[in-house]
Amino acid sequence: MGIVAEVPRAVRNVWSVSFGGGIESYRPAPSTTVYDGEHRHLKRYDRTTPATGNPVLLVPPLAVTPACFDLRPGQSLVRYLLDQGRQPYVIDYGEFGYADRELGLEDWTHDILPEAVRRVAQDHDGPVDIIGWSLGGVLAMLTAAAHADLPIASITGLASPIDQARTAMLVPLRLAARVTGGREMALATKIMGGIPQEFVRLGFRLQAFDRELARPLFLARNAFDTEALARMEATDRFMATMPGYPGRSYWQIYRSLVLRNELADGFIRLRSDLVIELSKVTCRVLLAGSRGDVVVPAASVRRGLEVLPNATEVQFVEVGGGHLGMVAGAAAAETTWPAIEEFLSR
């Protein structure tokens, strides 16, 4: 009788998440703008009590919104850091269009991120702990390597791709490029000025194709579980708001990280006159990877132990979840977040 009575609620849940207005609206953690420039909106998350420890700068990858760190209550690294007494900040790159086609990774490593670090350090009067997800972690390490004077206390790289030869899903691209040299991607990014947001969103869904296939079964199994459906909805909402890539940046990622796999050898060549070596990173580094991550497998991240010889400390920890799940999924609260707090506390 109890289950029968709950059927209308289950029907409403499935309808809401599939066709209606959703289970719950997006409620990001309250924040205050520190400064707002082109592709560099720095926000400080609001606290009601004084913070302890170093300020924490959250660095997302390109083509992703800062919501990756704050999907919803219970799926929020931001709220976890606040609960631990820390003061988190986040940098938001905003949208990219054809006019941004010449933006390269050096715009992040030599302008956007150094300015953000200095602003956070000035705002909080102390060195900065950086947490970067995926390419965000790589950009943080490259920024630290290129600027020894920056007040960076530590870098945490979550699913940060170091050795792309370890990523099975990239094998066909790497094999094809032996024939084409990657010219087809160079031409496509030049014509389009980048990778449009629609392509990015489709790509992320294809990477999680097993999730898409299992969606009807998940809805059927969790029709009575409002919390499970809210988590699914938060992920769908996040994927539906991804911006695109600037053309030059995407070509650099494709050429240097995917095809040439330069980071596995400890460097990246951004221009003929600009090479950044990971051996110049001297702060503490935590690397976190998951075997369940098909986008950036744990083995790809673990390579960082070998290419950061001069870091004060380099630690690798294996956590649970997929590429997004290890940051904002159910496993994150049990594995990733405590590992970060333990590292920062030391």
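Trainee: Which residues of α3 and α4 meet each other?
Mentor: Bear in mind that this is a predicted model. From α3, the residues Leu-105, Trp-108, Thr-109, His-110, Leu-113 and Pro-114 are in contact with Leu-139, Ala-140, Leu-142, Thr-143 and Ala-146 of α4. Sorted by class, the contact of α3 with α4 holds eight nonpolar and three polar residues, and no charged ones.

Trainee: At what angle do α3 and α4 pack?
Mentor: Helix α3, residues 105-124, and helix α4, residues 135-146, pack at about 75°, and their axes are 9 Å apart. The two helices, α3 and α4, are therefore roughly perpendicular to each other.

Trainee: And how do α3 and α11 pack?
Mentor: The angle between α3 and α11 is about 105°, with the axes 7 Å apart. α3 and α11 are therefore roughly perpendicular as well, since angles of 65 to 115 degrees count as such.

Trainee: Which residues meet there, between α3 and α11?
Mentor: Leu-105, Glu-106 and Trp-108 of α3 touch Arg-248, Ser-249, Gln-252 and Ile-253 of α11. By class, that contact of α3 with α11 comprises three nonpolar, two polar and two charged residues.

Trainee: Which residues of α11 are buried?
Mentor: Helix α11 spans residues 247-259, and its buried residues are Gly-247, Ser-249, Gln-252, Ile-253, Tyr-254, Arg-255, Ser-256, Leu-257 and Val-258. Just after α11 comes Asn-261, which has a positive phi of about 50°.

Trainee: Let us turn to the strands. In what order do the eight strands of the open sheet stand?
Mentor: The order is β1-β2-β6-β3-β7-β8-β13-β14, and the pairing is mixed. β1, residues 31-37, and β14, residues 313-318, are at the edges; each has a single partner strand, so one side of each lacks a neighbour in the sheet. From one strand to the next, the twist averages 20°.

Trainee: In what sense do β8 and β13 pair, parallel or antiparallel?
Mentor: Strand β8, residues 152-158, pairs with strand β13, residues 284-289, in the parallel sense over five bridges. Thr-156, for example, has Leu-286 in β13 as its bridge partner.

Trainee: Which strands does α3 lie across?
Mentor: α3 lies across β1, β2, β3, β6, β7 and β8, and runs at about 30° to β2.

Trainee: What joins β11 to β12?
Mentor: A hairpin does, through two residues. Strand β11, residues 267-271, runs antiparallel to β12, and four bridges join them. The bridge partner of Phe-267 in β12 is Glu-277.

Trainee: Which residues of β12 are on the covered face?
Mentor: In β12, residues 274-277, Leu-274 and Ile-276 form the covered face, whereas Val-275 and Glu-277 form the uncovered one.

Trainee: A change of topic. I noticed Arg-166; where is Arg-166 found?
Mentor: Arg-166 is in the loop between β8 and α5.

Trainee: Is Arg-166 buried or exposed?
Mentor: Arg-166 is exposed, because its relative accessible area is 51% and the cut-off for exposed is over 50%. Leaving out neighbours within four places in sequence, Arg-166 is in contact with Pro-297, Ala-299 and Ser-300. The C-alpha atoms of Arg-166 and Val-294 are 10.0 Å from each other, although the two residues are 128 residues apart along the chain.

Trainee: How many residues of α15 are buried?
Mentor: Seven of the ten residues of helix α15, residues 336-345, are buried, so the helix is mostly covered. Among them are Trp-337, Ile-340, Glu-341 and Phe-343.

Trainee: What does Glu-341 touch?
Mentor: Apart from residues up to four places away in sequence, Glu-341 touches Tyr-80, Gln-84 and Arg-86. Glu-341 counts as buried because its relative accessibility is 13%, and the cut-off for buried is under 20%.

Trainee: Finally, how many helices and strands does the chain have?
Mentor: The chain has 15 helices and 14 strands. Of its 346 residues, 51% count as buried. The chain exposes about 15,200 Å², of which carbon and sulfur atoms supply 55%. Among contacts between residues at least 6 apart in sequence, 77% join residues at least 24 apart.

Note on methods. Residues are numbered from 1 along each chain as its sequence is written. This is a predicted model: local features need pLDDT of at least 70, side-chain atom pairs count only at pLDDT 80 or more; totals for chains, interfaces and linings use all residues. Side-chain values use heavy atoms; hydrogens and water are left out. Axes are lines fitted to C-alpha atoms, for helices over the stretch in contact, and angles run from 0 to 180 degrees between N-to-C directions. Angles under 35 degrees count as roughly parallel, over 145 as roughly antiparallel, 65 to 115 as roughly perpendicular and the rest as oblique. Contact means heavy atoms within 4.5 Å. Ala, Val, Leu, Ile, Met, Phe, Trp, Tyr, Cys and Pro count as nonpolar, Asp, Glu, Lys and Arg as charged, and the others, Gly among them, as polar. Two strands pair if DSSP finds at least two bridges between them. Buried means under 20% relative accessible area, exposed over 50%, partly exposed in between (1.4 Å probe, protein chains only). Accessible areas come from the Shrake-Rupley method with a 1.4 Å probe; for residues, only the protein chains shown count as cover.
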